[in-house]
Amino acid sequence: MKRNIYISQPVLGEDEWQSLKEPLNSGWVTQGPKVKEFETSFAERHNVKHALACTSATTALHLALIALNIKEGDEVIVPAFTWIATANVVLYCGATPIFTDIELSTFNIDPKDIGHRITDKTKAIIPVHLFGLCANMDEIKEVANGIPLIEDAACAAGASYKGIPAGGLGDFGCFSFHPRKSITTGEGGMVTTNNSNYAEKIDMLRNHGAAVSEEQRHHGPKPFILPDFNILGFNYRMTDLQGAIGVEQLKKLDIFINERKKWAEYYEHELSAIEWIATPQVDNNYNHGWQSYVLLIDESKSPHLRNEIMEILQAKGISTRPGTHAVHMLNYYKEKYGLSPDDYPNAKTANDCSMAIPLHNRMNEEDFVYVVETLKSIG
Ligand SMILES: Cc1ncc(COP(=O)(O)O)c(C=O)c1O
């Protein structure tokens, strides 16, 4: 039988289905009680004071930057190897993204490459916890020396660093609930912060800048009062349908991560001996969230180039993807800033030689064994 193992597949079932009944029956389908419940549980799980839901990690990052008042003339440091959204949000504010190289051993921003890029215009740093592995936040904090840190935790729900969950390691954490993430609400995002002033501002910014939410207004005694709008806001509200699904997904987050961890360990055991593969390494300070399992192919030793290996696996029914892209090599950024691939050599190598193999909660033992045996057979 021909196999078809997807790179990622969410686990959505009866619980999520049933959870939709309440908002559908009540008719309250935009941001309301279910979003609140999701936020409360999310804040609890990530040990932060505030969690504010929105429409995606992209809008979460945008909200965090606006809350910091990032504007034209400012610079924001971002890793060169990340999803394009990490840099795009800086441009949404009229500011300039300053790219920084990564460490190939973690695919995360290299703290040693940050210091010399800091100027008096640097107003924030966005470390990315790529593929679910937290960035080296202690070293980043040291070099940042008080510059605000926005964690791009799009891939890092449930991950932690030195016992502290992602989302509470910087001034803001920004999460994604896109279907390729460990838990999903279709699309969706969350901003976390321990700062009540930032939380209050983000609450307004995501709702057109309104000083009073629709829900408060709806239940309030003075129906004639429209809210004040003191700041320029957006409509970045999550729906209560998504909130209801989020509540159910979050209950399973640790089950999902533990299962992924078990299979990541199996991959490590089986694949680390292949000389042309570098498997992801996790030291004791980190609890990996295992959003993705990403290998680095050493093309000087491998029997085929990375892309050929991906084609061979595809032909055998195993989906793979490049880990992500080097943003400085994408046309828009390359042309806008006159960048060349070698400006960030590790990001370029990761762009050209990383390969995510399937790791998700809809795979069974046979699937994992098949992936391993197929990789071992490539010669
Ligand atoms: C590192 C990183 N940042 C940001 C995003 C954007 O997330 P969203 O699709 O929820 O906007 C992604 C999505 O893949 C991501 O991987």
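Colleague: In which sense do β6 and β7 pair, and over how many bridges?
Modeller: Helices (H or I, at least four residues) and strands (E, at least two) are DSSP runs numbered from the N terminus, and two strands pair if DSSP finds at least two bridges between them. One of the bridges here sets Tyr-161 against Ile-164 in β7. The pairing of β6 and β7 is antiparallel, over two bridges.

Colleague: What kind of model is this, and how are the residues numbered?
Modeller: It is a predicted model, in which local features need pLDDT of at least 70 and side-chain atom pairs count only at pLDDT 80 or more, while totals for chains, interfaces and linings use all residues. Residues are numbered along each chain as its sequence is written, starting from 1.

Colleague: Which strands stand at the edges of the open sheet of three strands?
Modeller: The strand order is β7-β6-β11, with antiparallel pairing. One side of each edge strand has no neighbour in the sheet because each has a single partner strand; these are β7 (164–165) and β11 (286–287).

Colleague: Which residue of β9 is the bridge partner of Ala-51?
Modeller: β1 (residues 50–54) and β9 (residues 189–193) run antiparallel and are joined by five bridges. Four of the five residues of β1 are buried, where buried means 20 or more other C-beta atoms within 10 Å of the residue's own, exposed means 12 or fewer, and partly exposed lies in between, with C-beta atoms placed from the backbone. The bridge partner of Ala-51 is Thr-192.

Colleague: How many residues of α4 are buried?
Modeller: The buried residues of α4 include Ala-57, Leu-61 and Ala-67. The helix is followed by Asn-69, which has a positive phi near 65°. Of the 11 residues in α4, the number buried is 11.

Colleague: Is Val-89 buried or exposed?
Modeller: Val-89 lies in helix α5. Leaving aside neighbours within four places in sequence, its contacts (C-beta atoms, placed from the backbone, within 7 Å) are Thr-58, Leu-61, His-62 and Leu-65. Because it has 28 C-beta neighbours inside 10 Å, Val-89 counts as buried.

Colleague: Which helices each supply at least two residues of the shell around the ligand?
Modeller: The ligand is surrounded by 14 residues, the closest being Ser-56, Ala-57, Thr-58, Trp-83 and Ser-176; a residue is near a molecule or strand if its C-beta atom, placed from the backbone, lies within 6 Å of it. The shell has six nonpolar, seven polar and one charged residue, where Ala, Val, Leu, Ile, Met, Phe, Trp, Tyr, Cys and Pro count as nonpolar, Asp, Glu, Lys and Arg as charged, and the others, Gly among them, as polar. The helices are α4 (57–67) and α5 (85–92).

Colleague: How far apart are the centres of domain 1 and domain 2?
Modeller: The bounds, from an automatic or database domain assignment, are 14–251 for domain 1 and 253–377 for domain 2. Their contact takes 31 residues from each of domain 1 and domain 2. Taken over C-alpha atoms, the separation of the centres is 26 Å.

Colleague: Where does the largest nonpolar core lie?
Modeller: This core has 106 residues, and Ala-60, Leu-63, Ala-64, Cys-174 and Val-191 have the most contacts inside it; a nonpolar core is a set of buried Ala, Val, Leu, Ile, Met, Phe, Trp, Tyr and Cys residues joined through C-beta atoms within 7 Å. Helix α9 gives the most to it, nine residues. Both domains give residues to the core, so its place is between domain 1 and domain 2.

Terms used:
Two residues are in contact if their C-beta atoms, placed from the backbone, lie within 7 Å.
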